[in-house]
Amino acid sequence: MLFRKELIFSTNCREDLIDITSEINSAIRESTIKSGVCNIYVPHATSGVIVNENDDPNIIHDVLGVLRKLAPKGSFLHDKIDGNGDAHVKSAIVGPSESIPFENSRLLLGTWQSVMLCEFDGPKQSRKVIITLID
Amino acid sequence: MLFRKELIFSTNCREDLIDITSEINSAIRESTIKSGVCNIYVPHATSGVIVNENDDPNIIHDVLGVLRKLAPKGSFLHDKIDGNGDAHVKSAIVGPSESIPFENSRLLLGTWQSVMLCEFDGPKQSRKVIITLID
Amino acid sequence: MLFRKELIFSTNCREDLIDITSEINSAIRESTIKSGVCNIYVPHATSGVIVNENDDPNIIHDVLGVLRKLAPKGSFLHDKIDGNGDAHVKSAIVGPSESIPFENSRLLLGTWQSVMLCEFDGPKQSRKVIITLID
């Protein structure tokens, strides 16, 4: 059996991590699948998916700070094309997807885990997240 | 069809990679599913999953050394809360999950590949790994 | 239902990203599964899988440049064994797998996304990529 849903998010600044856990759990509750694996996929080459803590908002800044140090804006060959080489590199390293088990219609996240959409080249009006449930 | 099993591991130092390949293959043999994809998920925000060589134990130290250089202990905003900002950043970049094909009740790993639980904020008495098999 | 196919690629230099999107879409078309999740798995400890843009070939060099800065060749304990410690570290951080949804027998990639096999210790005559489709 298969359930698929597309979620849309808008982003407000160039770089951000946006907590999308509750929207994913809502999508899971809409389906008739109670237990399985949830594939979360972002079809954009300058964004990604991270799972980590969102209770202390400083962690978002700590993660973005390390990624900025790793891939500093303005230092890439691709910047001659459209100035976002750093965003592609961050996206490539973070990756576009996570697969997370769910049970009783809820992601089996740890207490301190949230699913976060990573924006590396915002703001953008429409960032898609494709949810696919498999059992 | 779906098979799920929770494995528990204890960790002995602050940072370590622990080979969990044989425990995962044992879980696969307990199920009736012979061939499919095995999702390995760690529900902790200061740990992760890596697949790499464990024949030369130096590789563990090489990987941990690069992650320490990338996210040095004591340099993060979150450290004011509980001193483990570096562990969250390492966990966010490494990621909590891998999905690996299996056949004849065995992971289709390469000769030099092992599945390793990453501890970034140990020692901990109980680190969970959730195994889900899908076919 | 399950469909599995092994693809083989040869690589021409020490480090490269090789676009394998069309070969994966061909494998999907060979199966009778129209919609599901495609697991792409590389069973090698010195390679990996990345999803990003391949329209501007500079992005490949930008990504490889950042990975080289992160894990410089010749600076690892494992180098005493066979001189490719940097390749293992890059492989461990990039990861051996991606899981991507597909529909109408095609990967649901974004406009600027390609699936790329990462070579970090080439050239190699035979790099395997295991494709598993699940619905």
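Analyst: Two strands are taken to pair if DSSP finds at least two bridges between them. By that rule strand 2 of chain A pairs with strand 7 (residues 114–119) of chain A, since four bridges join these two antiparallel strands. The model is a predicted one, and what follows should be read as a description of that prediction.

Helix 2 (residues 58–70) of chain A packs against helix 4 (residues 85–94) of chain B at an angle of about 65°, and the two axes are 10 Å apart. This crossing of helix 2 of chain A and helix 4 of chain B is right-handed. On the chain A side the contact is made by Ile59(A), Asp62(A), Val63(A) and Val66(A), which meet Gly85(B), His88(B), Val89(B) and Ala92(B) of helix 4 of chain B. Sorted by class, the residues of this contact are five nonpolar, two polar and one charged.

Chain A also contributes its own helix 4 to a contact with chain C. The axes of helix 4 (residues 85–94) of chain A and helix 2 (residues 58–70) of chain C come within 10 Å and cross at roughly 65°, and this crossing too is right-handed. Here Gly85(A), His88(A), Val89(A) and Ala92(A) of helix 4 of chain A meet Ile59(C), Asp62(C), Val63(C) and Val66(C) of helix 2 of chain C. By class, this contact comprises five nonpolar, two polar and one charged residues.

In total, 25 residues of chain B are in contact with 26 residues of chain A. Strand 1 (2–9), strand 3 (36–41), helix 4, strand 5 (97–103) and strand 8 (127–134) of chain B each supply at least two residues to the side that touches chain A, and helix 4 of chain B gives the largest share, five residues. That side of chain B has 14 nonpolar, ten polar and one charged residues.

Chain B is superposed on chain A by a rotation of 120° with 0.0 Å of shift along its axis, at an RMSD of 0.0 Å, and the two copies are thus related as by a three-fold rotation axis. Only 12% of the interface residues of chain B are also interface residues in chain A, so the copies meet through different surfaces.

Finally, helix 4 can be followed in chain C. Ten of the ten residues of helix 4 (residues 85–94) of chain C are buried, so this helix is largely enclosed by the rest of the structure; among them are Gly85(C), His88(C), Lys90(C) and Val94(C). These buried residues pack against strand 4 (47–52) and helix 2 (58–70) of chain B, together with strand 4 (47–52), helix 2, helix 3 (79–82) and strand 7 (114–119) of chain C. Just after helix 4 of chain C, Gly95(C) takes a positive phi of about 95°.

Terms used
Residues numbered from 1 in each chain as written. Chains lettered and ligands numbered in written order. Predicted model: local features only at pLDDT ≥ 70, side-chain atom pairs only at ≥ 80, totals over all residues. Axes fitted to C-alpha atoms, helices over the stretch in contact; angles between N-to-C directions. Left-handed = near helix turned anticlockwise from the far one by under 90°. Contact = placed C-beta atoms within 7 Å. Nonpolar A, V, L, I, M, F, W, Y, C, P; charged D, E, K, R; others polar. Least-squares fit on C-alpha atoms with pLDDT ≥ 70 in both. Buried ≥ 20, exposed ≤ 12 C-beta atoms within 10 Å, placed from the backbone.
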